[in-house]
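Try each task on the structure before turning to its solution.

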Amino acid sequence: MAVTFSNLHTESGLKALNDFLSGKSYISGNKLTKDDIKVYAAVLKNPGDSFPNVSQWYNSVSSQLAASFPGKAVGVGFGGKAAPAESAKAEAADDEDDLDLFGDETEEDKKAAEEREAAKKSAKKKESGKSSVLMDVKPWDDETDMKKLEEAVRSVEMPGLLWGASKLVAVGYGIKKLQIMLTIVDDLVSVDTLIEEYLTTEPRNEYIQSCDIVAFNKI
């Protein structure tokens, strides 16, 4: 339910805020939030002992804001005096412009949320296409350490690449090849690039002679 404060530049408004803060440290919950900043901006100054709850809360917010802005302030003033009619009009506008802490989102908030959602959908769409690949990885000879060969293969890491199950398959003359499954995100991983620029280049080509694609299936 929305909490609304009106006329915080008047004694009646400060009294309402003082009553609200009775037994509370902050406007919402037990930590400083945007709600405190909104109300703080509407309170012209620390009201002092006349409204002790507001005064204590005001000092707490001030000290935390000061820690966030460590630069030395020299102080600013606002000159000029509005005509009586204009002043009355501005005061009336202030009365109407109550602080609705839990109201609807602003247009900026909605726009930012829509942009975030669009970005998520775009990323999800980009990574939606996946393929399952079965690859044969061949050693140089029967003296190649197949355990180190598999370690060399699995050491390749990149976004969109996931290594799966593997097994050794006899080729002949005491030579075995590594047969391994991998899943790729099509837009992120090229199998040709994986083989030519990662698996069959130094230092992995110490163990790997060549790689062949046995099966390639869209998921």
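**Exercise 1. Find which side-chain oxygen reaches a backbone nitrogen at the start of helix 6, and then describe how the helix packs.**

Step 1. At the start of helix 6, the backbone nitrogen of lysine 147 has a side-chain oxygen of aspartate 145 within 3.0 Å; a polar contact is a pair of N or O atoms within 3.5 Å, where, within protein, one must be able to donate a hydrogen and the other to accept it, and residues adjacent in sequence count only if both atoms are side-chain atoms. This is a predicted model, in which local features need pLDDT of at least 70 and side-chain atom pairs count only at pLDDT 80 or more, while totals for chains, interfaces and linings use all residues. Residues are numbered from 1 along each chain as its sequence is written, and side-chain values use heavy atoms, with hydrogens and water left out.

Step 2. Helix 6 spans residues 146-154, and its buried residues are Met146, Leu149, Ala152 and Val153 (buried means under 20% relative accessible area, exposed over 50%, partly exposed in between, with a 1.4 Å probe and protein chains only). Seen down the helix axis, these buried residues fall within an arc of 115 degrees, so they line one face of helix 6; the arc is that of the directions from the axis to the C-beta atoms. An α-helix has 3.6 residues a turn, so residues three or four places apart point the same way.

Step 3. The partners of this buried set are strand 3 (130-139), strand 4 (161-172), strand 5 (175-185), helix 7 (191-199) and strand 6 (208-218), where contact means heavy atoms within 4.5 Å.

Step 4. Lysine 148 also lies in helix 6, but lysine 148 is partly exposed, with a relative accessible area of 41%.

**Exercise 2. Determine whether valine 185 is buried or exposed, and locate it in the fold.**

Step 1. Valine 185 has a relative accessibility of 7% and therefore counts as buried.

Step 2. Valine 185 belongs to strand 5, and its C-alpha atom is separated by 4.8 Å from that of glycine 160, 25 residues away along the chain.

Step 3. Buried residues make up 26% of the 219 residues.

**Exercise 3. Characterise the aromatic pair formed by tyrosine 40 and tryptophan 57.**

Step 1. A pair of aromatic rings is described by the distance of the centres and the angle of the planes. The structure holds four aromatic pairs, where rings of Phe, Tyr and Trp (its six-membered ring) pair if their centres lie within 6.5 Å, planes under 30 degrees apart counting as stacked, over 60 as edge-to-face and the rest as tilted.

Step 2. Tyrosine 40 and tryptophan 57 are 6.4 Å apart, centre to centre, with 65 degrees between the planes, and the pair is edge-to-face. This pair links distant parts of the chain, since tyrosine 40 is in helix 2 (residues 34-42) and tryptophan 57, 17 residues apart from it, is in helix 3 (residues 52-68).

Step 3. Tryptophan 57 counts as buried at 2% relative accessibility, and Tyr40, Trp57 and Tyr58 form one aromatic cluster.

How values were computed
Helices (H or I, at least four residues) and strands (E, at least two) are DSSP runs, numbered from the N terminus.
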